[in-house]
Structure formats: structure tokens, C-alpha cells
Amino acid sequence: MAGSWLLGADGGTPGQRPTAVLVAVHQDEGAGDSGPGSEVSLDELRRLADTDGLTVAEAVVQHRPRPDPATFIGSGKVDELAAAAERVHAELVIADGELTPGQVRNLEERVGVRVVDRTALILDIFAEHARTSEGRVQVELAQIAYQLPRLRGDGRSMSRVGGGRMAGGAGIGVRGPGEMRLETQRRTLRQRATRLRRNATELARRRERTRSRRARNQVPSVAITGYTNAGKSALLNRLTGADAQVQDVLFATLDPTVRRISTGALTYTVTDTVGFVRHLPHQLVDAFRSTLDEVSRSDLAMHVVDASAPDALDQITTVHGVLHEIGAGLVPELLVLNKIDVAPPEWVVALCRAYPDAVPVSALTGAGIDRLRAELATLFTRR
Ligand SMILES: Nc1nc2c(ncn2[C@@H]2O[C@H](COP(=O)(O)OP(=O)(O)OP(=O)(O)O)[C@@H](O)[C@H]2O)c(=O)[nH]1
Ligand SMILES: [Mg+2]
């Protein structure tokens, strides 16, 4: 079920895509800016909402130096948001940014529908896409980390969790006056997190054993990394004939898929990994650390870039930022410019100028793949 964590057990009409209104504060109108509160970021929020099975009916944008501490957007603009939400019968408002618990409460009071932020949306998509036990455990840990400081004691925040995918069903049946209930909710969630963490450690250890077996066999490893939807899984499939899931949605892949490539005397493994995005919630980075370790411990990071994305350069910067954050900043990198079959040629030229060692390819048509294979072979035989 799409968006179940966001809408809760009671929310949404079955079989219908819930309608959402986006709200953003644009802090500067500088051209080409793609930071928080920009047009690029808002477009991406639209795609995230779409990936999560929501229909975006409208977006309310306010230009102001910084978000309002109480209501995110200014008071007059809140009325406009409420009117928009009513007009399109929205079930959800999604803010492009991270909201404080107070901002959520105030906005919900005045707009009259559930209000969530970008982080909650990304967590929801991850929950929907997690396939393996390890992925599920990691997502739930991230959800708990997000929920804990946002509990309200009125059971609302919990009912969303209880009705959604969090297997613990923590808030169900919790009764009592606010404060006490809040304390009970906190304790239940913390206990659940402890159990999950133990579980995650065990699952990571299991994966570690497989990895060290590979390492003992002296097989070099390539980790495919890059922005979400860049074509990482498509490239893995093209290179190895694997059947990793390729989808035009964000965060289709959450769990590492490992494949082996043998060309002549050379054998190496290629691992497909979770994609990155602007403002990747830190709760997710923490929870997915062991998965992301696949990148930091590989011999080569093959960084796939969607050359047809207008903000490709910013996406590269975002990916470098996350790689640095997870301790993979020093892993040798091979930049691969993907989707050259649809990218305007002058964009590919500009990217090649910025990154002269990059290899242009199309995972779809197979263009440039032979050169990529040769490049990988050279890199590994030189070692
Ligand atoms: N035109 C074109 N489309 C491509 C190419 N490579 C991938 N795609 C499309 O881009 C979309 C995303 O591809 P994926 O391989 O799922 O991307 P990913 O990087 O694994 O994405 P996540 O796992 O969601 O982070 C799909 O619709 C693919 O068909 C390419 O070379 N050319
Ligand atoms: Mg993928």
C-alpha cells in the first residue's frame, strides 16, 4: 500500500492515489541553485511523492529569507495553503525540508490535514522498497530515530506507525494521560530499537562473512554508487547480465546485489547499492551504515551519473558529499556518464570537460560499455 506510513491506518481511500499539496520556502532566487528550498529540490520532491504513490495536485511556494519557526511558511501563506488543500481535497501536505514537531502541529491545526516533511517521505519510500531482512530492519531503525523526538503523547504520531509498516506495532493499545502515554511510547520504541539493532548486527555479520570469503579469494570489488535513478541497476545488468530491478522510480534498490564478472584471466565482483539524494535523511545514513560500507570497503567506486539530468553536476557533488560522510571519500572513483542516448550531446561534452576521465555510456543501448569494460580491466590489472 502506497504511503501507508504517512497516512496511517485510517488515512487514504483504498485503491486510490492520495492527493498531496507540496509546500516550500525558497530562500534565494539565484539561478542554478539546487540547495534546500530551490526549484530543483521541489521538482525532486514531486518525483519522490510520485514514487510514493501520491498525486501532487499543487505546490505552494513562499520566497522568504528563512522558514518561519512556528509555521514554516508565513501566517498569510498558511491560509493560502489551507485553501489549496481544501480546493484539491488533499489528504496530505508535504514540506520540502525538515519540519520541527512544533511546525507540524501548528500547520496541521491550521490546514486541517496531515503534514509531513521530506524526510518522512523518503523514509516511507525506503519502507516500501526494502526487500531483505537487513533492509527492513535498517529502515525501521531509521523510522524509530525519526519518530522518537516527534512523539506527541496523543497517540496520533504512533497510530501512523502502528497502522503502517513498522512491525512492532508499538503504539497500539497504549492508553493513559498524555505524559504517561508519551513515556510508555518512548520506552516501547527504544526497546524495539534495541532488539532491531541486535538483529541488524547479526545480519551485517552474516554479510561480512560472505564478503571476507570473497576477499580471501583476492577478487577485486567494484561498488556501483550514484544518485538515485541514475541507472546503477541497469548498468549492473548490462555489465553482468544480472536481473537487478530497474525502475523509473527513486530508491528502487535498497539492498546490495553482488555479481561476478570474468574477462580473460581477470575476475572481479560488482555490487549494486542504494542511491543517494539531496538531503538524504541522516537517520537513514546511520541505519544503512553497514550496507553503505560495501562502498567504503570496495576497491573501486563506479560512480554512475545520469548525464541527461539538468542538475547532473549537483548530483555528483551530493554523491561525493555522502561518500565522504560514510568514510568512502578515499576509495578510487571511476565516473560513468550514463544515459548518453537521451542526454543532449552538449551536456555530455560539458560533463566530459569537467571530468576528463569519465566514461560516457548508455546502459540502455550498450553504447560505450566495451570501453567501460576495458577501463575496468586496465584499472585492475594495473593494481
Ligand atoms: N534512456 C536511458 N534510460 C536509462 C539508462 N539507464 C537506465 N535508464 C532508465 O533510468 C531509470 C532508472 O534506472 P535504474 O537502473 O533503476 O536506476 P538506479 O540508479 O538503479 O535507481 P535506484 O535504485 O532507484 O537508485 C529506469 O527507467 C531505466 O530504464 C540509459 O542508459 N538510457
Ligand atoms: Mg537501482
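Which residues does the UniProt annotation "coiled-coil region" cover?

1. **The annotated stretch.** According to the unreviewed UniProt entry, the "coiled-coil region" covers residues 179-213. UniProt positions follow the numbering used here, feature names are shortened, and such annotations may be inferred rather than shown by experiment. In the model, this span is 100% helix and 0% strand, and its end C-alpha atoms lie 51 Å apart.

2. **Before you read on.** This is a predicted model: local features need pLDDT of at least 70, side-chain atom pairs count only at pLDDT 80 or more, and totals for chains, interfaces and linings use all residues. Residues are numbered from 1 along each chain as its sequence is written, while chains are lettered from A and ligands numbered from 1 in the order in which they are written.

3. **Overall make-up.** The protein has 14 helices and 10 strands; helices (H or I, at least four residues) and strands (E, at least two) are DSSP runs, numbered from the N terminus.

4. **Domains.** An automatic or database assignment sets the domain bounds: domain 1 is 4-124, domain 2 is 130-200 and domain 3 is 218-382. The C-alpha centres of domain 1 and domain 3 lie 31 Å apart. Even so, 12 residues of domain 1 are in contact with nine residues of domain 3, where contact means C-beta atoms, placed from the backbone, within 7 Å. On the domain 1 side, α2 (39-51) and α5 (118-129) are the elements that give two or more residues, and α2 gives the most, with six. That side divides into five nonpolar, four polar and three charged residues (Ala, Val, Leu, Ile, Met, Phe, Trp, Tyr, Cys and Pro are nonpolar; Asp, Glu, Lys and Arg are charged; the others, Gly among them, are polar).

5. **The core.** The largest nonpolar core has 93 residues, and those with the most contacts inside it are A20, V23, V93, I94, V336 and L337. Such a core is a set of buried Ala, Val, Leu, Ile, Met, Phe, Trp, Tyr and Cys residues joined through C-beta atoms within 7 Å. Its largest share, seven residues, comes from α5.

6. **Ligand 1.** Of the 22 residues around ligand 1, G231, S233, D248, T253 and G275 come nearest; being near means a C-beta atom, placed from the backbone, within 6 Å. Helix α9 (residues 232-240) gives the largest share of this shell, three residues. The shell divides into nine nonpolar, nine polar and four charged residues.

7. **Helix α9 and its flanks.** Seven of the nine residues of α9 are buried, so this helix is largely enclosed by the rest of the structure; among them are K232, S233 and R238. G241, with a positive phi near 70 degrees, follows α9. N229 lies in the loop between β5 (221-226) and α9, and its phi is near 75 degrees, a positive value in a residue other than glycine.

8. Is K339 buried or exposed? With 24 C-beta neighbours inside 10 Å, K339 counts as buried. K339 sits in the loop between β9 (333-338) and α13 (345-354), and has a positive phi near 65 degrees.

How values were computed: Two residues are in contact if their C-beta atoms, placed from the backbone, lie within 7 Å. A residue is buried if 20 or more other C-beta atoms lie within 10 Å of its own, exposed if 12 or fewer, and partly exposed in between; C-beta atoms are placed from the backbone.
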